[in-house]
2 protein chains.
Amino acid sequence: MSRSSQTQVAVLGGLSVEPMTAYALREAIRDVLGHFWSESFGQIYPTLQALEDAGHVERRGGARARSSVFAITRSGEARLIELLNEPVQESPPRNGLLLRLFFGRVLGRDRCRELLQSARDAASSQLAEYEQLLAGLQAAEGDTPDWPFIRMTVLAGIHHARAAVAWADECLDTLQGEQ
Amino acid sequence: MSRSSQTQVAVLGGLSVEPMTAYALREAIRDVLGHFWSESFGQIYPTLQALEDAGHVERRGGARARSSVFAITRSGEARLIELLNEPVQESPPRNGLLLRLFFGRVLGRDRCRELLQSARDAASSQLAEYEQLLAGLQAAEGDTPDWPFIRMTVLAGIHHARAAVAWADECLDTLQGEQ
DNA sequence: TGCGTCATGTAACCCGTTACATGATTGT
DNA sequence: ACAATCATGTAACGGGTTACATGACGCA
């Protein structure tokens, strides 16, 4: 049951690290989970409201304060565990780059080469970014109990980026011929 | 300009291969582009209607026939090229598996291991599937001008699946310790 | 005095899926 | 005759983004 609110996972998870305002929560999600998750204000505020109504989070600093800090409650922690245990549901695939390449005959070889090259460049610089991030986080969080799990998410980015670079190179090779 | 209708690319692209009914188009998209793209009936029918109104496709077999075949027109081909040349816009990331792993401390080591193992299994069998698909397509389409481009999309799947397996293995290693 | 950032929310909109209603064709 | 599949569409709904409206606080 429970209507898919994966948003609740991000929100409750964020608050499980430390209490914060909705605004700070959004920044945390953007900055920390940004590589594999995103939420907008339009989702966060209503979700927090719903979670408060359900008693899963509590508002500190006055119900009508200009700046209210939210904290996760006991029942919120239980709810988070429940949600984390629900089966992972992935969204239908929609890869604009592959869609374009598939119709490459129509698009033209040159334009395909350009697309591949810029995909390669993007993946390559992202790879460098992730590697730096990993080193930085290792220094900052290396001792916390969260570290092994944080590391996994960055590793996923690294593996993915490496694969993208190798793929683009292989494709560029096959398009190398004249004409 | 032009509101993002990536759906139009899939539809016009499909019809650029050969004329077909809306129903067949949906099957083609599911079976052929399925690894990286998806469209539902609720998208395809209105899109075809809009494209017909714009003169980009034409309906053959009677306007009110029970089974009308759509064909791309000259202006539709131009439109397709135009759309293919628009910048690739990717949707915001939303990876449910990484979201769960990130909060692995809350989820628990055992459950994380399970998630990783089933992700590994899925990727591994997908890899085998892609490799078989590549061989099959090579035999069937190896001589067509579309082949190099079709191949690229399958290669992307292969690289991605291999990376997923390697990543899951690496993560499982770090979680191997007792406790 | 005024700018930038922190902060809270809402409303409009868009994209897309699911479910439903309907009926023709084909094979057994 | 009937079941399965081909075929066409629509309506309801849900999830999510963007843009907008509003205002406090700190600082230069």
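This is a predicted model: local features need pLDDT of at least 70, side-chain atom pairs count only at pLDDT 80 or more; totals for chains, interfaces and linings use all residues.
**Ground rules.** I number residues from 1 along each chain as its sequence is written, and chains are lettered from A in the order in which they are written. Local features need pLDDT of at least 70, side-chain atom pairs count only at pLDDT 80 or more, and side-chain values use heavy atoms, without hydrogens and water.

**Entry 1: ring pairs.** Rings of Phe, Tyr and Trp (its six-membered ring) pair if their centres lie within 6.5 Å; planes under 30 degrees apart are stacked, over 60 edge-to-face, and the rest tilted.

**Entry 2: within chain A.** I checked Tyr23(A) and Phe41(A). Their ring centres are 6.0 Å apart and their planes are at 25 degrees, so I noted the pair as stacked. Tyr23(A) is in helix 2 (residues 22–32) and Phe41(A) in helix 3 (residues 41–53), 18 residues apart. Helices here are DSSP runs (H or I, at least four residues), numbered from the N terminus. Ring pairs also link Tyr23(A), Phe41(A) and Tyr45(A) into a cluster.

**Entry 3: between chains.** Next I took Phe102(A) and Phe36(B). Their planes are at 45 degrees with centres 6.0 Å apart, so this pair is tilted. Phe102(A) lies in helix 5 (residues 96–102) of chain A and Phe36(B) in a loop of chain B, so the pair joins two chains.

**Entry 4: burial.** Buried means under 20% relative accessible area, exposed over 50%, partly exposed in between (1.4 Å probe, protein chains only). I read 10% for Phe102(A), which is buried. Phe36(B), at 3%, is buried. Phe41(A), at 29%, is partly exposed.
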